[in-house]
Amino acid sequence: MSGTRFQYDESGSTFFYFLLSFEALVVVPCTYYFYPRAAGRDEEKRDKSKCNCDHCRIKACRLRLKEPWRKAKERFVKLLLFIGWVALALTAYKVAHLQPNDYVAYDPFEILEIDPEASVAEIKKAYRRLSLIHHPDMETGNEKKFMMIAKAYAALTDEQAKKNWLMYGNPDGPQAMSFGIALPAWIVEKNNSVCVLGLYALVFMVALPVTVGIWWHRSIQFGGDQVLLATTEIFLSYIYKTPSMIFKRVLMIIAASVEFRRSYNSEIIERPSDNVEVPLLIKELPNLGEKNKERPLCFSYSIKARALLHAHLYRMKLPSNSLEEDQLYIVKKCPNLIQEFVQCLAKMTMLAIAGRISRIPNLETVENAMKLSGSIVQALWENKSPLLQLPHITESMLRQFCSRKRNIRSIKQLASMKNDDRKNMLRNLTANEYADVMNVLAKMPLLDIEVKVEVEDDEDSCTITAGAFVTVTATLIRQDMSTLFDSGNGKEVEYNEEEAMGEIEESPKQKSKFRSFDKKKKKGKERGSNKLRKKNVNLASKITTFKKNENGIQLKNGVLHHGKLEENSKASDDSGESNTEEESAASGNSCSDENNGDVNDKKDKHEEDDESEWRKFQAKVSKREKVLEAKSKKSHTVHCPFFPDEKDEFWWVYLCDRKRHSLITDPYVVTNLIKKEEVELKFAAPQKPGIYTYSLMVRSDSYLDFDIGKTIKLDVKEAKEIDISKLQWDVSEEEEEKDEEESAVEDSDLATDDESDDD
């Protein structure tokens with residue numbers, strides 16, 4: 001490009017504009033993401049509703065101590081952001097006061113200080129006047145200014161110069177374009193070329209490949225949920241070796257994970273004091289199984305992790321701070337390890353169903369693993385009372401719950417009690433302790449399930465045939481346990497007959513919901529109220545007989561009739577034959593109307609079918625979009641004072657066969673259940689027809705005794721045989737004509753080829 005000149009601008013306006021945009025792109029997002037939030041006020045608001053028991057306070061202090069330099073980091077971040085905003089403001093001020101270096105059009109009239117409509121005489125006069133002032137020989141002369149004046153005079157008087165000015169904007173003709181590039185000049189200087197190339201090679205040819213290689217080497221060692229592949233291999237081998245495991249056996253295998261081994265995890269600390277402290281701890285723990293000789297169950301790291309997990313479930317106080325730190329680290333890792341263990345069990349079950357392996361993992365093994373997750377989060381054995389999950393509740397207080405009068409064994413029963421009875425039962429607690437119990441109890445989950453079974457991509461979605469793919473849609477509805485408070489008070493609601501009558505008139509197909517009456521009313525009043533109910537129902541039935549639908553369909557005693565409304569049977573008996581003749585004439589005249597009504601009904605049914613199919617298609621698309629979306633892991637916070645970190649509620653949803661003790665579907669993990677969540681479980685129906693009973697289970701990974709389930713009965717019928725000869729293919733006439741033409745062309749080509757071969 002001969003007519004172009006590039007200039008690397010370091011001090012001009014171009015560089016400062018680039019610098020301003022770069023600073024804005026860095027400072028504004030960093031301020032949004034890294035500016036310390038005012039968490040103190042939020043914590044003060046939450047403390048009123050949070051539990052303030054001793055263990056929760058210790059946990060809160062421990063979480064604060066995890067970041068000893070938190071305030072210093074916040075101040076340092078604020079200082080950096082302040083410096084960034086100051087630099088941004090200074091750069092913006094500099095840009096605002098820069099002199100514009102933009103291209104200015106050449107104007108000879110402005111140089112000669114005359115009007116554009118000036119005559120030739122005026123132009124010459126102005127030239128002479130300015131020449132006397134700016135001529136280099138004069139005292140006030142300026143050579144550059146004089147050259148500009150002479151050039152302007154030539155542009156207005158000389159024909160060639162004037163032509164160039166009008167065409168190219170300059171009396172000298174076309175000029176070279178000048179561009180400013182917002183890069184410092186030292187980048188392209190010859191003296192710095194070696195340094196720039198060396199820096200480029202260091203960053204893009206050395207640092208970047210090394211960083212990617214290290215990241216790749218570390219990432220290939222981990223599977224799902226950041227669990228090492230070596231741990232997954234241990235899980236798979238033991239699941240195949242012992243398909244049926246008890247609770248302690250599952251705990252033993254989880255403790256053998258290589259995440260707790262120094263050679264696989266650099267975060268693990270091996271201390272000389274472990275040789276003394278761990279054996280002493282083992283002596284205090286019953287049924288630890290430390291003499292097991294299976295590898296790696298007999299390794300020292302596995303025995304130490306197992307002992308610390310047993311001590312955690314017993315809520316024991318450890319003798320040293322070093323063991324307590326190791327216990328917190330191990331307990332924090334366990335939920336992800338148990339999740340991986342459950343996934344391994346599901347994979348092995350599906351492989352066994354497919355016939356690839358001979359041993360099917362037992363359903364009890366899966367459920368024991370799920371129980372272990374809740375036990376570790378709550379620091380309780382599976383056989384302990386679930387009431388111990390509440391604060392300030394000890395084993396000595398359980399006798400008050402299990403007395404002859406009360407027999408409270410679950411948290412749901414405790415929440416359903418009357419307030420007075422609950423306060424009386426927990427009278428040994430102080431007011432603050434009782435408030436802690438109620439705050440924690442109010443936030444605990446109360447689940448309900450709505451189940452829908454259907455066969456997708458089939459004409460009859462309600463009929464399940466052998467081998468068909470069945471979709472079980474489970475809708476999980478979560479409420480707080482506070483909805484059960486005062487449910488046992490026996491409060492009665494009065495029944496309003498006018499409101500019930502209005503509901504019947506608005507929608508006669510809806511069932512009226514009669515509320516409970518006071519049991520202490522007299523029998524006479526009850527009989528009178530029953531008579532009123534009967535009258536209301538009779539009135540509602542009469543109203544419905546004379547009600548008309550939007551499509552012209554009329555109702556008579558619950559039966560649909562098209563056209564005119566037929567008279568009642570009693571009226572026809574009184575009027576005699578005249579009414580029958582009128583009815584026959586009316587029916588004869590309305591034959592055409594009935595035929596038209598049938599056609600319209602068919603059209604309406606066809607439109608309704610199209611709308612239903614379109615709605616199903618939209619529902620499928622929305623479900624696929626939900627599946628493609630990344631699952632969030634934000635749910636309700638769990639009260640777990642013995643767990644080292646904050647924990648959210650997760651739920652396993654799966655279908656199982658209790659008779660065969662096996663899974664039917666993979667356990668689906670619900671991580672975002674706040675109020676309502678929908679889960680789809682798909683599986684193949686049995687190959688033999690019959691009635692099969694399955695159980696849909698929902699289990700918590702954070703609580704004990706919060707599991708719910710529903711029984712599902714499937715009536716599997718024989719699959720219909722498809723006769724291929726009777727299948728009709730919808731082919732248009734145009735396509736048939738095209739096929740015939742193509743076949744004719746092919747026949748002609750073959751014929752010509754045969755003739756050429758004969759020749």
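Trainee: Contact means heavy atoms within 4.5 Å, so to speak; which residues does Thr231 touch, leaving out those up to four places away in sequence?

Mentor: Thr231 touches Ser257, Val258, Glu259 and Leu337, not counting residues up to four places away in sequence. This is a predicted model, where local features need pLDDT of at least 70 and side-chain atom pairs count only at pLDDT 80 or more, while totals for chains, interfaces and linings use all residues. Residues are numbered from 1 along each chain as its sequence is written, and side-chain values use heavy atoms, with hydrogens and water left out.

Trainee: Where is Thr231 found?

Mentor: Thr231 is in helix H10, residues 229-241. Helices are DSSP runs of H or I with at least four residues, and strands are runs of E with at least two, numbered from the N terminus.

Trainee: Is Thr231 buried or exposed?

Mentor: Thr231 has 0% relative accessibility, so Thr231 counts as buried. Buried means under 20% relative accessible area, exposed means over 50%, and partly exposed is in between, with a 1.4 Å probe and protein chains only.

Trainee: New topic. In the largest nonpolar core, which residues touch the most other members?

Mentor: Among its 93 residues, Ile254, Phe341, Phe401, Leu414 and Met481 do. Helix H14 (residues 321-353) gives the most to this core, with 12 residues. A nonpolar core is a set of buried Ala, Val, Leu, Ile, Met, Phe, Trp, Tyr and Cys residues joined through side-chain atoms within 4.5 Å.

Trainee: And what does Ile254 touch?

Mentor: Leaving out residues up to four places away in sequence, Ile254 touches Phe235, Phe260, Cys334, Leu337, Ile338, Phe341 and Leu372. A second, separate core has 27 residues, including Leu447, Ile664, Val670 and Ala685.

Trainee: On to helix packing. At what angle do H11 and H15 pack?

Mentor: Helix H11 (residues 247-255) packs on helix H15 (residues 363-378) at about 70°, with the axes 9 Å apart. Axes are lines fitted to C-alpha atoms, for helices over the stretch in contact, and angles run from 0 to 180 degrees between N-to-C directions. H11 and H15 are therefore roughly perpendicular to each other. Under 35 degrees counts as roughly parallel, over 145 as roughly antiparallel, 65 to 115 as roughly perpendicular, and the rest as oblique.

Trainee: Which residues of H11 make the contact?

Mentor: Phe247, Val250, Leu251 and Ile254.

Trainee: What about H7 and H8, how do they cross?

Mentor: The axes of H7 (residues 143-157) and H8 (residues 159-168) come within 5 Å and cross at roughly 95°. Residues in the contact include Ala154 of H7 and Trp165 of H8.

Technical notes:
Contact = heavy atoms within 4.5 Å.
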